[in-house]
Amino acid sequence: MQKYSKYEGLGNDFIICQDKDIKNKEYSKIAFKLCNSSIFGKTDGFISVKTDPLTMIFYNQDGSVGTMCGNGLRCFVKYCYDNKLIDSLENEVHTKAGIYETKIINTDPFLVKVKMGKENYSNEILKIKTNKNEFISECVCFNNKEYYLTSLFMGTHHTVIFVDSLEELTEELGHFMCHLPIFEDRTNVDFVVVKNEHELHVKTYERGVGYTLACGTGACASFAVARRFNLCSDNVKVIFEKGSLKISYDQSSIWMEGPCEFIKSYEEKIS
């Protein structure tokens, strides 16, 4: 039997375990089984924890590998804190997208701040099939309506679309944008309503999952694009269905600050 724990960040939930306890390292199969099991319920992602060095291995609900996950990273830090895998409030976490500086700023409620780095608009890293160097404000039509897309790498692939209302979003729209042929590896899609210079409302369609209750890297991507177009200040609140994240810029990096919670632990034999 192996012990798995469920955590969430603003409703974005993950099953987490220690990598040393996984005998069969077929992460993709394990992620798909756990995230779609009747025992654990439909879950957004799977995280395995390595401690030397401190490393987050992340997979999506459909078993596809993820480079990084903002909400997942905060949950990762709380899991490590709860299980006494770290003895400092400040830790560097290795991911497929690089090394992230994290800081526990409060334990009740549990709040984690993460140095997210800078956005990258290069089509090369995004694997976008175009001769252009960047995919900025590109017009795409869906059901006779025009949408303007801007793609960037913010720990993982994101495409930001400004809309008038999140109420207009449909499963078909999210799927269509995520699977546009120009995106070789698909893309996470962030639909953004700019309320004012200090407040963004966001709903993210995540590749490998669909619409989720929140997305940390999506919040940062939305902020980065809104800031590029002078639509917001250097400090904003990004609102999701179940809460908000503080996103800021300090002349060298984007920072994300937000909550994470322990839900429940399970013991399960995974073949």
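Arg228 forms a salt bridge with Glu134, and the closest N and O atoms are 3.5 Å apart. A salt bridge here is a side-chain nitrogen of Lys or Arg within 4 Å of a carboxyl oxygen of Asp or Glu. This pair links distant parts of the chain, 94 residues apart: Arg228 is in helix α5, and Glu134 is in the loop between α3 (123–126) and β9 (138–142). Glu134 is also partly exposed, at 35% relative accessibility.

Arg227 has a salt bridge to Asp234, with 2.8 Å between the closest N and O atoms. Both are partly exposed: Arg227 has a relative accessible area of 29%, and Asp234 is at 27%. Arg227 also lies over the face of Tyr249, 3.9 Å from the ring centre. A charge sits over a ring if NZ of Lys or CZ of Arg is within 6 Å of the ring centre and within 35 degrees of the ring normal.

## Basis of the model

This is a predicted model, in which local features need pLDDT of at least 70 and side-chain atom pairs count only at pLDDT 80 or more, while totals for chains, interfaces and linings use all residues. Residues are numbered from 1 along each chain as its sequence is written, and side-chain values use heavy atoms, with hydrogens and water left out.

## Helix α5

Helix α5 covers residues 216–228; helices (H or I, at least four residues) and strands (E, at least two) are DSSP runs, numbered from the N terminus. Its 13 residues should span 18 Å at 1.5 Å a residue, and the end C-alpha atoms are 18 Å apart, which agrees. The expected span is 1.5 Å times one less than the number of residues.

Of the 13 residues in α5, 11 are buried. Among them are Gly218, Phe223 and Val225. Just after α5, Asn230 takes a positive phi of about 60 degrees.

## His158

His158 is in strand β11 (residues 157–162) and is buried, with a relative accessible area of 0%. Its side chain makes a polar contact with the side chain of Asp190 at 2.7 Å. A polar contact is a pair of N or O atoms within 3.5 Å; within protein, one must be able to donate a hydrogen and the other to accept it, and residues adjacent in sequence count only if both atoms are side-chain atoms.

The backbone nitrogen of Gly218 lies 3.5 Å from a polar atom of the His158 side chain. Leaving aside neighbours within four places in sequence, His158 is in contact (heavy atoms within 4.5 Å) with residues including Leu152, Cys215 and Ala221.

## Aromatic pairs

The structure holds 10 aromatic pairs. Rings of Phe, Tyr and Trp (its six-membered ring) pair if their centres lie within 6.5 Å; planes under 30 degrees apart count as stacked, over 60 as edge-to-face and the rest as tilted. The rings of Tyr7 and Phe262 have centres 5.3 Å apart and planes at 65 degrees, so this pair is edge-to-face. Tyr7 lies in strand β1 (residues 2–9) and Phe262 in strand β18 (residues 261–268), so the pair ties together parts 255 residues apart in sequence. Tyr7 is buried, at 1%, whereas Phe262 is partly exposed, at 39%.

Key. Buried < 20%, exposed > 50% of the residue type's maximum accessible area, 1.4 Å probe, protein only.
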